[in-house]
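Reader: I am new to this structure and would like to understand how its descriptions are reached. Could we go through them with the definitions at hand?

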Amino acid sequence: MLKKGAFKGKCDFMKMHASPPLLSDRTQEIAVIVGELNMQSSDLYKKRIMADAFYSHENYTNNGEELINDISLVHLSTSIEYNERVQPIRLPASDIGSLDGDKVVMSGWGRTSTHGDTSPVLRFVESIAIPNKICQLAYLAFGKIRDSNLCVSGWFMKGTCLGDSGGPLAIIEDDGKPTLVGIISFVLKYSCNLSFPPVFTRVSSFVPWILTAIEDMKRGRNAKSRAVRLLL
């Protein structure tokens, strides 16, 4: 997660992501790149870290009509060093509320228009969260918006597009620090220029699951380490 700041340090790192296309038995093929702003240039801050564990929601569903429980965790094989460009972002409180009308910030490297190219540079856009009832009106013919979704106004073509899935939705709270409130889940395929509201996984709905998944991953990794030591 990108945020300017002066904090420096190290941390074991769990990254949240929309569930597909990652598979738990293919962690050797999963890598996370931190500190990247421009994919076409070299950067001293940029670092590629391989994953050693992946945890997808056990009730993830994508049946072509509904996308449910669209969240997963990736555990990295080495710690991340924080710097002025690479910073953590906190989880929201489970009772943070609907956020309707609150200012939010999206970011990603997705397309800049429906039929355009993906952006080589990380882009940010501000908008506001909208009530799910209003969002459902826009998606009446396409599926159900659930309480575990969070929708953002797409007016004036401000929103996400193809290639942005899995990216963060953040708010800046009263203390001036960011909080992760959403993970980009879906938007209609050819709607990037139609001001349709993008739909996010509402992170506050999954805080208990996230905390449990982190503990499960830790136990799994510890058991694996013990098994390796016994074999040696």
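Reader: What percentage of the 232 residues of the chain count as buried?

Author: Of the 232 residues, 41% count as buried, where buried means under 20% relative accessible area, exposed over 50%, and partly exposed in between, with a 1.4 Å probe and protein chains only. This is a predicted model, in which local features need pLDDT of at least 70 and side-chain atom pairs count only at pLDDT 80 or more, while totals for chains, interfaces and linings use all residues. Residues are numbered from 1 along each chain as its sequence is written, and side-chain values use heavy atoms, with hydrogens and water left out.

Reader: Why is Cys161 called buried?

Author: Cys161 has a relative accessible area of 6%, and therefore it counts as buried.

Reader: What makes Cys192 buried?

Author: The relative accessible area of Cys192 is 11%, so this residue is buried by the cut-off of under 20%.

Reader: How do you know that Cys161 and Cys192 form a disulfide?

Author: A disulfide is a pair of cysteine sulfur atoms within 2.5 Å, and the sulfur atoms of Cys161 and Cys192 are 1.9 Å apart, so the pair meets the definition. With 95° about the S-S bond, their link is right-handed.
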